[in-house]
Amino acid sequence: MTQKNHSSSTRSLAHRITWTALAIVAIAVVALDAQAQSAEERGLEIEHERDRRDTGWGDSSVNLNMILRNRQGQESSRSLRTSALEQTEDGDWSLIVFNEPRDISGTALLSYTHRVGPDDQWLYLPALKRVKRIASDNKSGPFVGSEFAYEDLSSQETEKYTFKYLRDEVFDAREHFVIERYPVDPKSGYTRQVVWLDKEEYRVWKVEYYDRKESLLKTLTQSDYKEYLDDYWRPLRMDMVNHQTGKSTTLIFTDYEFRTGQSEGDFNQATLRRAR
C-alpha cells in the first residue's frame with residue numbers, strides 16, 4: 001500500500017469512528033431525553049390518556065348493593081342508586097340515593113365535583129328533613145358508615161392531583177402502569193395514592209390510599225369490568241379494605257344505563273329532598 005493510500009484509509013477509518021461516536025452520543029441524548037420527560041410528566045401523560053378515554057358518556061345511572069363488614073366479618077347490606085351527569089367545563093355531578101334498609105331510606109348525597117378548589121357536597125337526612133352541607137374539613141370522613149370517604153365518591157378529576165410514574169408491573173395477569181397521585185387539596189385525608197391502570201384500556205384496577213401519617217390506610221380493588229356504548233368501561237364490583245380497622249365495604253353494580261336524558265335540573269338541592 002502506498003503512503004497516499006494508507007493516509008486515505010486512515011482518514012476514512014477515523015471518519016467512520018467519528019460518525020459512530022456521534023451516533024452513540026445521539027442515542028444517549030435520546031435516552032436522556034426520554035428520562036428527562038420526568039416521572040411526573042410521564043405520570044400526567046398516562047392520566048391524561050385515562051381521562052380522554054372516559055370522556056363523552058353524557059349521563060348514567062346504576063343500581064348498587066353496598067355490603068359492609070366489621071372486623072369480625074359480620075355483614076350488613078344497603079340498596080342504593082346513583083346517577084351521574086358529565087360536565088364539560090368542570091367536574092362531574094352525581095346523586096346517590098339509599099332505598100334500603102328502611103331506617104336510611106331516602107338518605108341522599110349530591111356532589112358537584114370541581115376541577116379546582118373544594119367540591120360541593122350536600123347530604124339529605126330524611127329523619128331530620130333537612131339538607132346538610134358537607135364541610136371541606138369533613139371530606140375525609142366515612143360515608144354513612146362505609147369504608148368509602150366522601151372524597152372517594154367525587155369524580156376523580158385530573159386537576160385534583162399531581163402525578164408521578166413509578167413503574168410497569170404485571171398485576172392479576174395484566175400489564176399495568178403504576179402511578180402515584182398526590183391530592184392538591186391540603187384537607188384531603190390522603191397524602192398519596194398508588195394507582196394500577198392496565199395498559200390496554202387504561203382502566204383502574206387497584207388503588208392504595210396512604211393517610212396523613214404516610215401509613216397505608218385502605219386498598220380499593222375494582223373488577224368485573226364491562227364495556228358500554230362500545231367505548232366506556234365500568235367495574236361491576238369494588239372492594240375497599242381498611243387495613244387499620246379491619247373493616248371493608250363491597251359495592252356491586254347492576255343495571256347500568258347511559259344517555260337517559262338527565263339534565264342539570266335533576267341534580268340540585270330540591271331534587272335531593274324529594275329523591276326516593
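This is a predicted model: local features need pLDDT of at least 70, side-chain atom pairs count only at pLDDT 80 or more; totals for chains, interfaces and linings use all residues.
1. Two strands are said to pair if DSSP finds at least two bridges between them.

2. Strand E10 (residues 204–210) and strand E11 (residues 216–228) run antiparallel and are joined by 5 bridges. Within this pairing, Glu208 has Thr219 of E11 as its bridge partner. The hairpin that E10 and E11 make has 5 residues between the strands, and Glu214 adopts a positive phi near 70° there.

3. E11 is also joined to strand E12 (residues 232–242), through 10 bridges and again in antiparallel fashion.

4. The largest nonpolar core comprises 41 residues. Phe98, Leu109, Phe143, Leu220, Leu251 and Phe253 have the most contacts inside it. Apart from neighbours within four places in sequence, Leu109 is in contact with residues including Ile96, Trp122, Phe143, Tyr150 and Leu272. A second, separate core has 12 residues, among them Trp93, Leu95, Tyr112 and Tyr124.

5. Helix H2 (residues 38–53) consists of 16 residues and spans 23 Å from first C-alpha to last, close to the expected 22 Å. Gly43, Ile46, Glu47, Glu49 and Arg50 are buried in H2. Viewed down the axis of H2, the buried residues fall within an arc of 155°, so they line one face of the helix. These buried residues pack against strand E7 (161–171), strand E8 (174–183), strand E9 (192–198) and E10.

Terms used:
Residues are numbered from 1 along each chain as its sequence is written. Side-chain values use heavy atoms; hydrogens and water are left out. Helices (H or I, at least four residues) and strands (E, at least two) are DSSP runs, numbered from the N terminus. A nonpolar core is a set of buried Ala, Val, Leu, Ile, Met, Phe, Trp, Tyr and Cys residues joined through side-chain atoms within 4.5 Å. Buried means under 20% relative accessible area, exposed over 50%, partly exposed in between (1.4 Å probe, protein chains only). Contact means heavy atoms within 4.5 Å. The expected span of a helix is 1.5 Å times one less than its number of residues. The arc is that of the directions from the helix axis to the C-beta atoms.
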